[in-house]
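Please look through the sequence and the structure shown here before reading on.

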Amino acid sequence: MVPPAFSATQSRLAVLTTGAIESIVSPVPTHASGLTLAGIIGGIALGVWVLWLLVVRTCKIKANVASDESAPLLHPNQIRNDLQGEQRGYAAALNNEALLCSICANLDFYQIFLDGIPEAEDIPLDFLSSILKKSYQCSFCRLISFHVRRTWMLDKFPHVDISGIQCRMFSKPCGCLQAPSYPPSTFRCYRLYITMEGLENLWKIYPAFRAAGGLNIHLMQEDAFKFGRPTDLHCRRLKSTVDIKMVKKWIKLCQESHGDSCKSLSAIGERDNRKLPGFVRVVDVKSMAVVSAPSGCRYIALSYIWGGIGAEYWTTKDNIVERSTPGGLSTAKLPDTITDSIRFVRQLGERYIWIDALCIIQDNSRDKFTQIHVMDLVYGLSYLTIIAAGGASARDPLPGCRPKTRTQQHIEVVQGLHLCAAPPRLKEALALSAWNTRCWTYQECALSRRRLYFTGQQVYFECQIDVFCEDVIAESKCDSTNFLRYTRAENFPQSLDPFTGYESAVKQCTRRNLTVESDIVDALTGVTNALAKIFGLGDPARAFYYGMMLTDIHYALLWQHNPHTPRTRRSLPDECNLPWPSWAWATWCGAVGYMSEHRYLVTHPVDAWLAYSDLGSPSVGESLVDPWYIVDHSGVIVQLDVRRVLRRVVLIRQTEGEVSTYSSPPGILDTTELALDIHPPLHPGTLIFRTTFSHFAIARRHGAELHPSVHHGLSDILSTSSPPTWVGTVILPSDVAPPTSLEFIVLARTSLRGVYDEEKLEFYHGCLLHVMAVSQNQGLMERVGLGVIHEAAWIASEPKAKVVFLR
């Protein structure tokens, strides 16, 4: 593509040259031949001189802004004076090449990219339906239309009503690649951002549209010089296949610039020099064999979707010997995702790749068990993880690994500027992918220190520090404040507190899908193993049980079902003859989360509670149970190593007199209390602890029945006094009528501040108790729901101490 500046220069020269030639061939009087010849020579000389001046000037501008990142930039006022007039001239010259509708023609895109448009001053464009109709005649409307049709997949939803959606435009800064002085704010690089008003109703009907996000429109790199800017953070042209040299550059920048931050994920394997166990296999792409991973070898890992396709390409007990010999692994039977991954590893110049279907013996349960339980090392120590986020099964190719396997870049010329409808940013691209809906892929992504995402539009690179992509020039060894850093995917849940990381992982993992429901614990084992090693929680098999974090059991028990998820137990394999315990979130299908106690205190019946459902985390101000015991997998009762939480109760008196506080009963001191006489031997997973229990009346909160899609709702806990008053809240399944009363047991004290105690008319920090609603059968209890209750009301109910056997 010829830059507009050079095209305009050629046009001017053509005018001069044409005039000179016409003067040569036109009839002239003989007596004026000398003068005519002189005029011709002068005209040609003038044209050459003008061309030389324009070319030299253009080259100087380009040299100032593109040849060296450290080169001094032109002064903003100089840019405005020298280039603004020329840019409008270029736009006028190209007006016939790029038609605009009446709305877009009234916009000065050069000025917009030069100065930006604050969000508070966003510009109304037109209704989306009108923009789609105008896309065949307006180049800017065509950019918006391309994004909508590509991202919203309108061809799959032909009857979607978009009549009330209006598009608006403002600009966003792209940041900079050097800090702190480059570039100055006056040289800030802008991108256009198109928002759409009126999407709320559409989201209710088509929830998938919510992930689409707005549209970013970038200025192409070849036009950056027109604004006196370097090409940093402008859009570059994509090839039909991924640029291997660019990928190598991304990896090299990570290695050289990020140091230990990206050396190994959260120090997995660094503190104790852990390496892949000898039983882990990899594919040798040079000899095409499945081999034991050489000690300390550098390898790539693959994360992809199996997609329910047949087992014809799996490694099994029958073919493992053949595949272990050089040339024994034939690509003829391998699906496209795997063959493309092997091809890409070769192009990178690497030798080994780990692929689960090939490196784990799929019909050997023992091999699967041992391999699955080292996923924290397999992905945590990988040099790079290839993520096939562009397909729905292993049959699909890696987009961009071969020609014609991904959507092509869309560029339009608008008022002489080359603009590109940017692909979705990384987080949005993954939100639209089938890969992001699968449970197993969560830990594969979260545990990997470097990730290379293949999507339908382009390839993205992500490490612990940076995000790079093919369409935006963002590579730099310097400190970066570029906008791509804010589009990250799921990272390993790093935190100073292990439970904060754990609850984040549980929330993300349980909202995804599983083909085999009972795989839920195994699909999170890599993350729980990593948490145990990083935070020194001891043996992961003792620190986590049924996915529950036993070292923080007083927190771990406070999970809640997602309001829109029915209360249904997971189906278990035939060989599992015992049900999983009711107190473990893994026992139940669907999403769960850990949420703030504020959700129990909302006064509006349902909507407000739903709004709070993803807000905050539960707080524990004091552990009220100690010690805890559990029946392990072998049937032996063992004491848990639980971290204690100190008591912090702060009273702010509103009335006179003494205020009594809840005192937990002494722990189990006699081992004879650890058994039930009326019951057979306790099943593995039974929790045993001493606490207090009491009964309270229950009434479903008014309005919950108006929302049939909500499967868990708020119910009021009522006092034992007459008349009964509200003293707490419990969340119960709403698909069945609640009982008139329930039995509750105390778990812990909250640390919630400023809560009003109805009974004592006082505000104080920690006046609420976390309680579990339970049902009883032959001395065993099961979880029914979870809630909070005012401490004074609990004391007034005269609770009794009890050894609880919770199943």
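## Cysteines

Cys589 counts as buried, because its relative accessibility is 17% and the cut-off for buried is under 20%. It should be kept in mind throughout that this is a predicted model, and that every value given here belongs to that model. Cys235 also counts as buried, since its relative accessibility is 0%.

How many disulfides does the structure hold? The structure holds 0 disulfides, where a disulfide would be a covalent bond between the sulfur atoms of two cysteines. For Cys235, which is in no disulfide, the nearest cysteine sulfur belongs to Cys420 and is 3.8 Å away, whereas a disulfide needs the two sulfur atoms to be within 2.5 Å.

## Nonpolar cores

The largest nonpolar core has 147 residues, and the members that touch the most other members are Phe344, Trp354, Tyr502, Met548, Trp583, Trp585 and Leu687. Another core, of 41 residues, lies apart from the largest one, and among its residues are Leu128, Val148, Leu192 and Ile217.

## A covered helix

Helix α16, which runs over residues 439-446, is mostly covered, with 7 of its 8 residues buried. These buried residues are Cys439, Thr441, Tyr442, Gln443, Glu444, Cys445 and Ala446.

Which elements cover the buried residues of α16? The covering elements include the helices α14 (375-380), α17 (498-510) and α18 (522-534), together with the strands β7 (299-303), β9 (384-388) and β12 (451-454).

## A hairpin

Strand β10, residues 411-414, has a covered face made of Glu412 and Val414, while Ile411 and Val413 make up the uncovered one. β10 pairs with β11 in the antiparallel sense over 4 bridges, and in this pairing Glu412 stands opposite Leu419 in β11. The hairpin of β10 and β11 has 2 residues between the strands, and in this hairpin Gln415 takes a positive phi near 50°.

## Salt bridges

Side chains of opposite charge can pair when their charged atoms come close. A search of the whole structure finds 26 salt bridges. One of them joins the side chains of Asp471 and Arg425, at 2.9 Å from N to O. This pair links distant parts of the chain, 46 residues apart, with Asp471 in the loop between β14 (467-469) and α17 and Arg425 in the loop between β11 (417-421) and α15 (426-431). Both Asp471 and Arg425 are buried.

Another salt bridge brings together the side chains of Asp466 and Arg485, at 3.0 Å from N to O. Because Asp466 lies in the loop between β13 (459-462) and β14, and Arg485 in the loop between β14 and α17, the pair ties together parts that are 19 residues apart in sequence. Asp466 counts as buried at 5% relative accessibility, whereas Arg485, with a relative accessible area of 25%, is partly exposed. Glu622 forms a salt bridge with Arg749, and their closest N and O atoms are 2.9 Å apart. Here the linked parts of the chain are strand β19, which holds Glu622, and strand β26, which holds Arg749, 127 residues apart; both of these residues are buried. Finally, a network of salt bridges links Asp336, Asp340, Arg343 and Arg402.

How values were computed: Residues are numbered from 1 along each chain as its sequence is written. This is a predicted model: local features need pLDDT of at least 70, side-chain atom pairs count only at pLDDT 80 or more; totals for chains, interfaces and linings use all residues. Side-chain values use heavy atoms; hydrogens and water are left out. A nonpolar core is a set of buried Ala, Val, Leu, Ile, Met, Phe, Trp, Tyr and Cys residues joined through side-chain atoms within 4.5 Å. Buried means under 20% relative accessible area, exposed over 50%, partly exposed in between (1.4 Å probe, protein chains only). Contact means heavy atoms within 4.5 Å. A salt bridge is a side-chain nitrogen of Lys or Arg within 4 Å of a carboxyl oxygen of Asp or Glu. Two strands pair if DSSP finds at least two bridges between them.
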